[in-house]
Amino acid sequence: MAKKIETTTIVIVPGAWHPAILYEDLVSRLQAAGYGAIVASYPSCNSQSPKTATCDQDAKAIRQQCLSLMENDGKDLLLVCHSFGGIPGGAAAHGLSKEERLQKGEKVGIIGLVYMTAFVVAEGSSVLEFLGGKHAPFLVPNTPSEGMCIASPAIETFFHDVDEHTASRLASALVPQAMLALESSAPPQAWAETAYEGKRAYLKFNWKRSTK
């Protein structure tokens with residue numbers, strides 16, 4: 001059994017269409033290695049109110065989860081942002097670096113940002129703008145309802161590199177995504193802060209076909 005690492009919790013910020021269940025294997029492996037790990041959630045994923053589901057709203061939801069974790073558990077956080085999660089996750093971390101929080105008399109904070117095949121954009125930009133004003137070709141708009149979208153074909157887009165059974169299981173767990181979150185402006189981003197110099201990383205995988 002791996003020795004438990006008590007001081008840091010890894011917070012995974014999921015990509016569009018991806019609920020927490022899709023990261024179960026990653027969470028299990030991190031926990032087996034001794035890390036605390038959780039998956040954050042945000043309202044634009046499987047949104048009940050797609051007309052108000054902005055990227056800013058997502059960032060605020062993730063930020064509140066981070067604050068609650070720090071206050072209740074007293075541990076530093078490492079944010080691992082996947083795909084679209086890089087934008088609201090990066091915004092959620094704004095002003096919450098350990099360096100800045102120590103200056104305010106707090107004991108814990110966010111110690112680093114990891115972008116896992118994720119969008120890294122400037123404040124005021126969006127996924128739609130990053131992609132040149134057109135949504136990705138696999139995005140099916142206004143499905144299954146107005147303001148929502150799905151990714152199709154899901155297996156070929158996200159899970160083409162795993163066995164058929166696993167791909168089918170993962171694809172069936174995907175949920176609709178509010179389009180507004182992909183189209184609305186990014187709030188201020190933590191990656192641009194000097195407090196994260198030397199404390200940010202980008203993981204790029206050659207097999208990833210989507211940029212969501």
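1. Asn46 counts as partly exposed, because its relative accessibility is 39%. Here buried means under 20% relative accessible area, exposed means over 50%, and partly exposed lies in between, with a 1.4 Å probe and protein chains only. Asn46 is not a glycine, yet its phi is positive, about 60°. Look for Asn46 in the loop between β2 and α2.

2. Before going on, note the ground rules. This is a predicted model, where local features need pLDDT of at least 70 and side-chain atom pairs count only at pLDDT 80 or more, while totals for chains, interfaces and linings use all residues. Residues are numbered from 1 along each chain as its sequence is written, and side-chain values use heavy atoms, with hydrogens and water left out. Helices (H or I, at least four residues) and strands (E, at least two) are DSSP runs, numbered from the N terminus.

3. Thr117 sits in the loop between β4 and α5 (127–130). Thr117 counts as buried, because its relative accessibility is 10%.

4. Now the sheet. Five strands form an open sheet, in the order β2-β1-β3-β4-β8, with parallel pairing. The edge strands are β2 (36–39) and β8 (200–203), and each pairs on one side only. Two strands pair if DSSP finds at least two bridges between them. On average, neighbouring strands of this sheet are turned by 20° against each other, direction ignored. Axes are lines fitted to C-alpha atoms, for helices over the stretch in contact, and angles run from 0 to 180 degrees between N-to-C directions.

5. How many bridges join β3 to β4? Six bridges link β3 (residues 76–82) and β4 (residues 110–116), and the two strands run parallel. His82 stands opposite Met116 in β4. Helix α2 (residues 55–73) packs on the sheet and touches β1 (8–13), β2, β3 and β4. Contact means heavy atoms within 4.5 Å. The direction of α2 makes about 155° with that of β3.

6. Check the cis peptide bonds too. The bond from Thr143 to Pro144 is cis, with omega near 5°. Pro144 lies in the loop between β5 (139–141) and β6 (148–151). Ser152 and Pro153 are also joined by a cis peptide bond, with omega about 0°. Pro153 lies in the loop between β6 and α6 (154–158).
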